[in-house]
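Student: I am new to this structure. Can we go through what the terms rest on?

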Amino acid sequence: MDNKFHTNLIVSSSPHIVTESDTTRLMGTVLLALAPAWIASIYIFGIRALLLSVVCVAASVLFEYVYNAITHKKQTVGDLSAALTGLLIAFNVPANFPFWQAILGCLFAIVVVKQLFGGIGKNFSNPAITARIFLFISFSANMSTWPVTRLAGATDATTGPTPLATYAELRDAGNLDFSQLPSLSQLLLGFHGGSTGEVCAIALIIGGVYLIVRKVISPVIPCAFIGTVFVLGCIMTGSLYGGLFHALTGGVLLGAFFMATDYVTSPKLPLGQLIFGIGCGIVTMCIRQYGSYPEGVSFSILLMNLCTPLLNNLSYKFYLKEGGARNGK
Amino acid sequence: MSQRKHLPSIHVPHHKNTAASETVTMPVPDEVSISMSQNIGAPCQPLVEKGDYVKVGQRIGDVDAFVSAPIFSSVSGTVKSIDQVRGSMGGFETHIVIETDKKQEISEEVKIPEINSLEDFIKAARDSGMVGLGGASFPTHIKLNPKNLDECEYLVVNAAECEPFITTDNREMVENGQDVLDGMRLIMTWLDLKKGYIGVETNKPDAIANLKRLIEQNEIRDIEIVPLPSSYPKGAERVLIYETVGKVMDAGVLPAQLGVILDNVSTIGVMAEYFKTGMPIVRRRVTIDGDAVAEPKNVYVPIGTRIADVVEFCGGYKTEPRKIIMGGPMMGRATKSDESPTMKNTSAILCFSQEKAEVKEETACLNCQRCHTACPFGLMPSIFADAYEKKDIDTLNRFNVMQCMECGSCSYTCPARRPLAMSNKLAKMMVKEASN
């Protein structure tokens, strides 16, 4: 009688099915969304951009692998989050950045920012953005020497200023002459100096919209961030071009779509995300307009990362005041 | 019916493989094991003893408690033993094991009920043995007998069948559409309800077409079909009431308190059959599916038939079964053995191979809040899970863990494979214990 039945079945709590979309797929989707910007960076800065991204991805994955192996933790390189961090670091430095310094940045991002705090899901700030600031402070000369793009036209120079640096000079000289800044089409296509992955605005927008359409990220943070930069840009420069200039240059698009939206380090609820995005925009524009650095995206995201627990608590209060559970209300 | 905003829901693959499979009646097995715990509330006491001869439709279990429903023999034969068996809920249940003689003699107790008053109607509903056939197994006669009957206006019929795989409600509407409408008419007449709604997901076009045809044919004006988006969990009581009559229902509230009588479509159809024939619930339609079953189909199964016997009728196992679910994959229960018998609320038997049965390994929470956006009520399961770990009852209460209906949407959508629905259930138990 007993052998007639299967009595050793798996018993687990419902539900018994789960979505195909796991952490690896999510990270893979973000990598895919970065592909247009990656291809654009190779086109604009040449083979050096490709090598830089390969080095950063390989270094980040290796550091994560070695750290997990040494500390006997479960191997997490398969979830692609380390690869994503590596690619974002490559995107956040100039294309001619020394490899060894970039590798040091990866070490800092993966080991110090991510793993020492408990690995994926536990870090309080975005590893790539923190690594950018680390590199900026450690190697400020290399971090602010921008190779000219292949498309910049005939010139003997190998390095040149970013549009934001030009903007800061003009502003300090008290002569904000927009004709010396790149045109909107140049900004969209990325024919200007800047970090490897941040220059081609159109590619970043394609990637960002793809992530929103695929529901990988919520549109709240990018819209609030970019919108705030645009509005403040219009006000500070007194022109529509100025607003668009600020929204399309520097790290705004890369930061708003791909780094400020990092689940782990941004608020959980839409209200918190809205304040987070607006805060990023305000800090960015304050640094750009009044600070000694021409660019402020990375500082703004790091600062707002630190505010995330506060914003969570604030938004919980409103959430619970509304009854906590929506239930159609 | 004005179009209003839908509650959040998730897209789960439908797998309605058996939607077109006409229900076949399986032969009576050699032995059935009829549980005395087939409804929410008090379990029944056996009314027969070892060695007794029982017939089809004979009352073999009942209890004098408010929340209860009698249990009837599904076969004719001899009571072989009365056992204490570990049930799917963890506790012990009494099972009456009957060796069948395959004659299927009908009991003298089976006769068409006479209804002259509301009391007769409610009594007949209890005598039919009906419980919610969708899975909750709440005794039907209690649902039909609310304290505030004069405030009740609507009958909402749950035909959403949002669980993947299961097609029994669909087949009820296709094969027994007239019974469904007759059952609704009975309830609406005796309870004096002014309007009936049938909430059906749009992935059941055959069912909708058949009901529409019958409604037109019979010139019914007070019953309306409400097409629902085919997304999970549209068949949850609180979601369905919101989608049909637009009323917000909190946990712990009965539909009747909102003026709604709500029942599952198969429950109503099968009860209507009882009013026509006098045969109480002794069999039910079960969807047998899953990648480990040779021939998935819909089968009329005598209640108490062991899973192994049902699967054998469906061509046996194609591969070694590693997980067998009674009910749907989102809210059904995994059983430890295919020796378990079917019950009144067994809407499906789903058998899965090792590949599909494996519980995916949990990884770290990414804070993506997919669990929160998937929740029909906008709860925050990731907060519940953390608070449960810390035994933080205060946070669980503040974030309304008791509103959770355990639909499983959070676990389904979690990219980190966290068993959030399970931690919700455990957290709810912890809160209940703390408040006692």
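Predicted model: local features only at pLDDT ≥ 70, side-chain atom pairs only at ≥ 80, totals over all residues.

Student: What makes S15 and S16 of chain B paired strands?

Tutor: Pairing needs at least two bridges. Strand S15 (residues 323–326) and S16 of chain B have 3 bridges, in the antiparallel sense. They therefore count as a pair. Within the pair, Met326(B) stands opposite Arg333(B) of S16(B).

Student: Which order do the strands of the open sheet in chain B follow?

Tutor: The 6 strands run S1-S14-S13-S17-S15-S16, with mixed pairing.

Student: Why do S1 and S16 of chain B stand at the edges?

Tutor: Strand S1 (24–25) and strand S16 (333–335) of chain B each have a single partner strand, so one side of each lacks a neighbour in the sheet.

Student: Which helix packs on the sheet?

Tutor: Helix H3 (residues 168–175) of chain B does, touching strand S13 (283–289) and strand S14 (297–302) of chain B. The direction of H3(B) makes about 125° with that of S13(B).

Student: Which residues have the most contacts inside the largest nonpolar core?

Tutor: They are Val156(B), Val157(B), Ile241(B), Val260(B) and Phe384(B), in a core of 105 residues. Helix H7 (residues 265–277) of chain B gives the largest share, 6 residues.

Student: What does Ile241(B) touch?

Tutor: Leaving out residues up to four places away in sequence, Ile241(B) touches Val156(B), Lys247(B), Met249(B), Pro255(B), Leu258(B), Val260(B) and Leu262(B). Apart from this core lies another, of 85 residues, among them Ile44(A) and Phe258(A).

Student: How do you know that the two domains of chain B touch?

Tutor: A contact needs C-beta atoms within 7 Å. In chain B, 7 residues of domain 1 are in contact with 6 residues of domain 2. The side of domain 1 that touches domain 2 has 5 nonpolar, no polar and 2 charged residues. The domain centres, taken over C-alpha atoms, are 29 Å apart.

Student: How many residues does each chain bring to the contact between A and B?

Tutor: Chain B brings 50 residues and chain A 34 residues. In chain B, S15, S16, helix H13 (409–413) and helix H14 (420–435) each supply at least two residues of the side that touches chain A. By class, that side of chain B has 27 nonpolar, 12 polar and 11 charged residues.

Methods. Residues numbered from 1 in each chain as written. Chains lettered and ligands numbered in written order. Helix = DSSP H or I, 4+ residues; strand = E, 2+ residues; numbered from the N terminus. Axes fitted to C-alpha atoms, helices over the stretch in contact; angles between N-to-C directions. Core = buried A, V, L, I, M, F, W, Y, C linked by C-beta atoms within 7 Å. Buried ≥ 20, exposed ≤ 12 C-beta atoms within 10 Å, placed from the backbone. Domains from an automatic or database assignment. Nonpolar A, V, L, I, M, F, W, Y, C, P; charged D, E, K, R; others polar.
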